[in-house]
Amino acid sequence: MKHAFEGYLEPNDLAKINAEKLVNHLSNKGLYQPRMLNTTWTGGFSIFLTQNDWQFHMQANNEGRIVYIIFKGSEQMDCGSLSYDEYMPILVYYLNTIKMAA
């Protein structure tokens, strides 16, 4: 995982653990791509995933939450700030929706 630039907050253990869990989940599904994971200036990790016309913006922050926005085309489908365990069923639901539509 990359480290924060000078002047930016460092991701803490909560952010690192949640980001690693997200990366592992996406990797297991064959969806993780190089350069998908980046540090944020607020001290966390961001992950941007595109699948067909879907976009998943996810940030594992230092408060132990996943802040996310999901788009289909230009329409926002979902957003929120949840714990990793609360967020995973949402991510799985939308990834399965994409899979079923293919």
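Predicted model: local features only at pLDDT ≥ 70, side-chain atom pairs only at ≥ 80, totals over all residues.
Me: Why is histidine 25 called buried?
Reply: Its relative accessible area is 16%. Buried means under 20%, so histidine 25, at 16%, is classed as buried.

Me: Where does histidine 25 lie, and what is it in contact with beyond its neighbours within four places in sequence?
Reply: Histidine 25 lies in helix H1, residues 13-28. Leaving those neighbours aside, its contacts are Tyr84, Met88, Leu91, Val92 and Leu95.

Me: What makes His25 a lining residue of the largest pocket?
Reply: A lining residue has an atom within 4 Å of a pocket point. His25 is listed in the lining together with Lys29, Leu31, Gln51, Val92, Leu95, Asn96, Ile98 and Lys99, so His25 has such an atom. The volume of this pocket is about 170 Å³.

Me: How do you know which element gives the most to that lining?
Reply: Helix H2, residues 84-101, gives 5 residues, the most.

Me: Why does the lining divide into 4 nonpolar, 3 polar and 2 charged residues?
Reply: Lys counts as charged, so Lys29 and Lys99 are the 2 charged residues. Val, Leu and Ile count as nonpolar, and therefore Leu31, Val92, Leu95 and Ile98 make up the 4 nonpolar ones.

Me: Which residues of the largest nonpolar core touch the most other members?
Reply: Of its 27 residues, they are Leu22, Ile47, Leu49, Phe56, Met58, Tyr87 and Leu91. H2 supplies the largest share of this core, 8 residues.

Me: What is isoleucine 47 in contact with, leaving aside its neighbours within four places in sequence?
Reply: Its contacts are Ala19, Leu22, Val23, Leu26, Met36, Leu37, Phe56, His57 and Met58.

Terms used: Residues numbered from 1 in each chain as written. Heavy atoms only, no water. 1 Å grid on protein atoms, 1.4 Å probe; cavity = no way out; pocket = protein on both sides within 12 Å on 5 of 7 lines; lining within 4 Å. Points joined across faces, edges and corners; volume = space filled by probe spheres on them. Helix = DSSP H or I, 4+ residues; strand = E, 2+ residues; numbered from the N terminus. Buried < 20%, exposed > 50% of the residue type's maximum accessible area, 1.4 Å probe, protein only. Contact = heavy atoms within 4.5 Å. Core = buried A, V, L, I, M, F, W, Y, C linked by side-chain atoms within 4.5 Å.
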